[in-house]
Amino acid sequence: FDDGTPLGSKSSPEAQIDSLPQSWAAIQGKGSRERAAQGMESVMKRLVREKEGLVLLFDPPFDSSPLQPGYIKGYPPGVRENGGQYTHGSLWAAMGWARLGRGDRAVHLLQLMNPVRHGMERQRYLVEPYVVAADIYALPGREGMGGWTWYTGSAGWMYRIWIEEVLGFRRRGNELTIEPVIPGEWSGFRMRYRFGSATYAIKVTASKRRRGVREMKLDGQLVTSIPLVDDGKEHAVQVLLR
């Protein structure tokens, strides 16, 4: 804070742990992977509520202490940025796990935040099950209630984390790479990608590790990346994981 009081300390009465620094310690890929993984484990223990299917932004929420963090304290404890699931930021925890190679943890968090899953609890969720909610309440008595919908960047992040981080589909210009990080129970997956008039039929086959590419073939030829060509043809891409 402005007066030098630590924010996010274990001795703080509120906001002792925030998912953002934990997640970005893993996402940015510098420093110690062991400490980043330790921080992410703390997220799982302190900020993930399995029963309600919530991934909180921080805990405990700001309430009665003299700490003054700004406008977020204007929300009741457990609502929006004040210790609820603020989905835009909470999704980065899934991204952090993917960057650490833990596809199982990444997929688990993505499934917890899936709006269709929340929509199964209609009496509690109360918003559209086909759109990602910007926030979900952790307020006692309102746990699992959806907040804002449509007006959020969360949907874009959820899509990117599924496609780019878990399935490993990354396009840069006219070049495509496939580097998945998937859960152990997956045997692989298939996807189709349309590039102009061309179609790329992608088949990924997993081994025990479920990460790291052993070999990749484009129309039967070994390649290290896939050149995208708008040629009106269908191309077969086969990826074998280590």
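I178 touches L167, G168, F169, I202, V204, V213, M216, I226 and V239, leaving aside residues up to four places away in sequence; contact means heavy atoms within 4.5 Å. The model is predicted, so local features need pLDDT of at least 70 and side-chain atom pairs count only at pLDDT 80 or more, while totals for chains, interfaces and linings use all residues. Residues are numbered from 1 along each chain as its sequence is written, and side-chain values use heavy atoms, without hydrogens and water.

I178 is also among the residues with the most contacts inside the largest nonpolar core, which has 56 residues. Helix α3 (residues 87-99) gives the most to this core, with seven residues. A second, separate core has six residues, including L57 and F62. A nonpolar core here is a set of buried Ala, Val, Leu, Ile, Met, Phe, Trp, Tyr and Cys residues joined through side-chain atoms within 4.5 Å. Buried means under 20% relative accessible area, exposed over 50%, and partly exposed in between (1.4 Å probe, protein chains only). In soluble globular proteins, nonpolar side chains tend to be buried together.

Strand β8 (residues 175-178) is joined to β13 by two bridges, and the two run antiparallel. L176 has I226 of β13 as its bridge partner. An open sheet of three strands has the order β7-β8-β13. β7 (169-172) and β13 (226-227) stand at its edges with a single partner strand each, so one side of each has no neighbour in the sheet. Strands pair if DSSP finds at least two bridges between them; helices (H or I, at least four residues) and strands (E, at least two) are DSSP runs numbered from the N terminus.

The whole structure holds seven aromatic pairs. In one of them, the ring centres of W92 and W157 are 5.6 Å apart and the planes stand at 85°, so the pair is edge-to-face. W92 lies in helix α3 and W157 in helix α7, 65 residues apart. W92 is buried at 15% relative accessibility, whereas W157 is partly exposed at 21%. Rings of Phe, Tyr and Trp (its six-membered ring) pair if their centres lie within 6.5 Å; planes under 30 degrees apart count as stacked, over 60 as edge-to-face and the rest as tilted.

Two arginines lie over tryptophan rings, as tabulated here. A charge sits over a ring if NZ of Lys or CZ of Arg is within 6 Å of the ring centre and within 35 degrees of the ring normal.

| Charged residue | Ring | Distance from ring centre |
|---|---|---|
| R80 | W148 | 4.1 Å |
| R105 | W97 | 5.0 Å |
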